[in-house]
Amino acid sequence: MTTEQELQSLFNTLDTDQDGKISINDLFLSPGLSVIISSETNSTTPQELLVNYDSDKDGSITFEELKEAVEKANNLT
Ligand SMILES: [Ca+2]
Ligand SMILES: [Ca+2]
C-alpha cells in the first residue's frame, strides 16, 4: 500500500522534466522507478502503464491518473 504522499514524491521523481505529467520519455529516463510504478500498478512495461492508465489518452500520466492506477491495482489484490 502506498500513501498519497509517497505517491506524490514518486510522481515528482518520475516527472524528470517537471511538467506535471509522466510521459513515456520520463518513464524511460527513470527505469528503476518505472519498475516500482509497474509493480504498484500490475503493469509490466512503461508502455503498458501508459496504455492501461492514461484514461484521457493524451499520451501522458497525470498524478490523478497515477493515483487511480495504484488504487485500482490495490483493489485487485
Ligand atoms: Ca514530464
Ligand atoms: Ca493522461
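## Overall fold

The chain holds five helices and two strands. This is a predicted model. Read from the N terminus, the order of elements is α-β-α-α-α-β-α.

For 77 residues, a compact globule would have a radius of gyration near 11 Å. The chain has 11 Å, so it agrees with that expectation.

## Burial and contacts

Buried residues account for 25% of the 77 residues in the chain. Of the contacts with a separation of 6 or more, 39% join residues 24 or more positions apart.

## Helix α1

Helix α1 spans residues 4-14. Its buried residues include Leu10, Phe11 and Leu14. These three lie on the same side of α1, because they cover an arc of only 100° around the axis. Gln5 and Ser9 sit on the other side of α1, and they are exposed.

## Glu65 in helix α5

Glu65 belongs to helix α5, which covers residues 63-76.

Leaving aside residues up to four places away in sequence, Glu65 touches Tyr53, Asp54 and Ser55. Leu50 lies 15 residues from Glu65 along the chain. The C-alpha atoms of Glu65 and Leu50 are separated by 9.7 Å.

Notes
Residues are numbered from 1 along each chain as its sequence is written. Chains are lettered from A and ligands numbered from 1 in the order in which they are written. This is a predicted model: local features need pLDDT of at least 70, side-chain atom pairs count only at pLDDT 80 or more; totals for chains, interfaces and linings use all residues. Helices (H or I, at least four residues) and strands (E, at least two) are DSSP runs, numbered from the N terminus. Two residues are in contact if their C-beta atoms, placed from the backbone, lie within 7 Å. A residue is buried if 20 or more other C-beta atoms lie within 10 Å of its own, exposed if 12 or fewer, and partly exposed in between; C-beta atoms are placed from the backbone. The arc is that of the directions from the helix axis to the C-beta atoms. The radius of gyration is taken over C-alpha atoms; the globule rule is 2.2 Å times the number of residues to the power 0.38.
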